[in-house]
Amino acid sequence: MLHETDSADNILELSDYRVGFRTERGLAKAVDGVSLSLKRGSTLAIVGESGSGKTVLNRGIMGLLGANIIEGGSAKFQGEELVNTNRQKFWGTKMAMIFQDPMTSLNPVMKVGNQVSEPLRLHQGMSRKEARDRTVELFTLVGIPEPAKRFGEYPHQLSGGMRQRVMISIALAIEPDILIADEPTTSLDVTVQKYILDLLVDVQSKSNMSMVIITHDLGVARGRADEIMVMYGGRIMEKAPSETVFQEMKHPYTQALLSSIPRLNDPKHTRLTPIEGFPPDIVDGPQGCKFAARCKYAQDTCLTLTPEETTIDTHTYFCHFPVGTDAGSEALKSNEDKGFTAAGLRIKSKGEVV
Amino acid sequence: MNEEQEINADEVTNDSQASEEETSISDSTQLEVSEFADKKTLGFGFWLATFWLVLISFLAVFSPILPFKDADKNYIAYEQKENPLTGKVQERPVQPPYAPSGEHWLGTDQDARDILSRTVEGARISLAVGALTALFGMIVGGTLGMIAGYFKGILDKIVGAIFLVVLSFPGLILAILIVALLDRSLLTISVTLGILGVAPIGRLARAQTLSFSEREFVMAAETLGAKKSRILIKELLPNVLIPMSTLAMLVIAVAIVGEGTLAFLGLSVQNSATWGKLILTGSGLSTLESSPWVAFVPMGFLFLTVASFNYLSDRIRDYFDVRDIFVTRD
Amino acid sequence: MAGSGNNHLRTEFDDVLLSVENLVVEFSSGRKNKVHAVSDVSFDIRKGETLGIVGESGCGKSTTAKAIVQLPKPTSGKVEYEGTDLTKLDKEGMRQKRPSIQMIYQDPISSLNPRRTVFNIVNEGTRVWSTEHSQQQEIKVEEMIQAVGLDPSEARIRRPHEYSGGQCQRISVARALVLDPQVIICDEPVSSLDVSVQARILNMLQDMKDEYGLTLLFISHDLSVVKNVSDRVAVMYLGKICEIGDGDVIYDNPAHPYTRLLLAAIPDPDNKHSQNSDVLEGELPSPLNPPSGCRFRTRCPRATEKCETEEPSFEQVGNSDHWVACHFPHIDNELNAPTSDEGQFIEGNTDDEILWPPAD
């Protein structure tokens, strides 16, 4: 299901994209039908917990999962179909990726400066000196102090935040059309995290690079992404412009996610509302909506019928009984009265899951 | 049943049923997501190797009561042949070695001794040497290594020096010395080889102990109030034992071959058939040419046994490695 | 900022369970160098309280936790538990005290022995302290496993790798509780867990605390989590505490410049402090050679000469449980801002800093 027909504007277009792994127990559907369009120059944040499929989705798009997976559907990069093709030609030129742990992504026995200048010399044909100068320039851009000195250092001599900055320099050196950042700040201190995220947004806006940020932290996504996409069980739950997700969230999972994190504004000892249950089995998964087993709005329909896509303006969601709608409120109320959801989850009054 | 099914924890099998659409996927698939997601099943080769080892051990242990021929008896065959000296037809002995036949399934050696029986008998000694060597190495090397790795400090330095000395000693010369000074009993040979095994096993034990003692569960045990000795035995040993055991299997293999080498130097166990001796018996140039089975049968048994131990060692290590590694967040 | 000064210790209360005074932990690194991991840290925890220690990597919070349980013994300072100075005890003496102060660790996987069944792991505490296998003990262990939400009969046959991260943390908690401790030190217990699992573990900790009357020391780098869980909060930087006091008070009105920057950086959708566009500049100085005077001065927007020469000590902010170690804390609409006659604004690093990657 394509959303935008003016595909010339879209750098990335996914249509019912799927990724599966063969396992002992059967086919593991890690990505179970994802459709999205990423406009050139914009930022998409993909939010999800472990098992949501967000990492598989992105590695799948980049082609980093190896040859032994099963891909389905369509994934077009700048109009060119990617599925079941070798994407190597894009690596280091048009597509760049930053990973969560810079220590394992950087070559430990190579000077960091060389790790940046190498792609410059390889892909952009720069001379040694040119590449070095550009590297120092990039280091300054990303805020590495004493960039010339740092050029000759090895990854283990740098702090986590610095290493991540080096990773970003490598990505920037490539001047990619799209940058995929997979949990880029998860292992960093919060002050460094802010710096890195601001930096990414800054660079992105200056170079009109498209960006996908993968994170488990909704707060990170807010204000830094044009669009937020919430994933669960290999599927999209909700997709909308950043603020819309927070102000007018429609999917119960998004709502549950936000309610389960401790908030600065709450006084101390505020009881948190966890999401009960466990992530779904992606091999032998549930029919119907993947989130139904843990959803306080769940009705019988949810257990059997997969929710269809609902799109209002720029807001897309997949839910039978969305938050804030009549159907949703009634569903919740009826569950509260019964004390159970259709999936057997016990609910106290006021929607508090037991 | 692991209730939180995370994709990384799924394993992959060799023989999954491919449907017609999935022809582009090769047979052995692997999850890229976790680099440790190796094959979790033990596999056909594992069972094959285990079968062989069980078989050969069974034969070795029960050989006295099994219906094999006498290993030391000379089964000289006779035939009616013309005596070149007298011209008369007489019963004359046939020149051994005899090729494999219905009478002797794996043939005989130059003294008409049944090879199958001798090989089975040789298994007893060879396996015993292997087992004793490994046992000695594990107990002495393992203990020293674990003490060095856990208590560190001066104990570590002392043990390190011991290992260094043992490693630097040329094994062959040590063997010759000991055998010359003592005797050529099974025990002596095994202990000699075992001493050589102490250092590699010990070093592994030390490295593993060092690595495991950094893990938080060791600190947790200390926080509970456990004494160091308890931690060593209850927390560290079960973990170190696995890698030590896989190494021990390799040591068994090396020891069996080592015995073979000693036999060629005439230093193997006295008064018993061993595979090394058997191979030696068959290794004369003319024998190899005309009756290769004399050497090849024991060699084959040795090879199969050593290969099995090596293979098992690998498989077990992989199997337990996977068990050890967890899934972390996405 | 300084740990020097123990003004903030609450000697007026008689139910202080754990009191740390002038704690110093130094490691030698190479021949001449010393890592000043924890430099003169003091705080106290009353019975039933939860003290949260928050700080970024390299601040020394984990080291502090380990020093309290003497693993290893701190370089100097006093750790008083129920009137006994733990630093003065010998090995066996400390071992006897151990059941009362338990710990939960960051990495749920690494903190459980992969070769033992979960039941045995939880049971270990009882096995260490008594050699008889009593029915009662087994029942207690089963109850504890159930209390943290796991199935005891499954626990008898399963090993840690068969459980998820969140479940492993529960097992850790059960193991700690089996010894009836008074104090539990939680060292980043939810940092490696999924967001929705975090909530469950935090709730569980709170429940356990209420049920068993525990006193908690909660260490984390996550400010939101710390606020939620703690009664009082201490903010650490480079081996020192810069601000300590009631959680709500500090989060509403942070006085220390570092605390303010920390709070401003949180990507919480409703963070009121994010109006503050200040960013924490520079790099963490090396703990091998920490800055003189106030350790935060090299990155502080308010630093002056005074901060270089004189280490600040704790002063109370107003009348509340709020203490800050700073010469120019943010109090009362900036009446405390440095003025021109107190010396120039000094920003940035001085040349003789050794920049070094902080310990994670």
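How many residues of chain B are in contact with residues of chain C? In this predicted model, 22 residues of chain B touch 27 residues of chain C. Contact here means that the C-beta atoms of two residues, placed from the backbone, lie within 7 Å.

Residues are numbered from 1 along each chain as its sequence is written, and chains are lettered from A in the order in which they are written. Because the model is predicted, local features need pLDDT of at least 70 and side-chain atom pairs count only at pLDDT 80 or more, while totals for chains, interfaces and linings use all residues.

Start with chain B. It has ten helices and two strands. These are DSSP runs, numbered from the N terminus: helices are H or I with at least four residues, strands are E with at least two. The order from the N terminus is α-β-β-α-α-α-α-α-α-α-α-α. Of its 330 residues, 42% are buried, that is, 20 or more other C-beta atoms, placed from the backbone, lie within 10 Å of the residue's own.

Now return to the contact of chain B with chain C. The contact takes in 22 residues of chain B. Helices α6 (216-224), α7 (228-264) and α10 (293-324) of chain B each supply at least two residues to this side. The largest share, eight residues, comes from α6(B). By class, this side has eight nonpolar, five polar and nine charged residues. Nonpolar covers Ala, Val, Leu, Ile, Met, Phe, Trp, Tyr, Cys and Pro; charged covers Asp, Glu, Lys and Arg; the others, Gly among them, are polar.

How values were computed
Buried ≥ 20, exposed ≤ 12 C-beta atoms within 10 Å, placed from the backbone.
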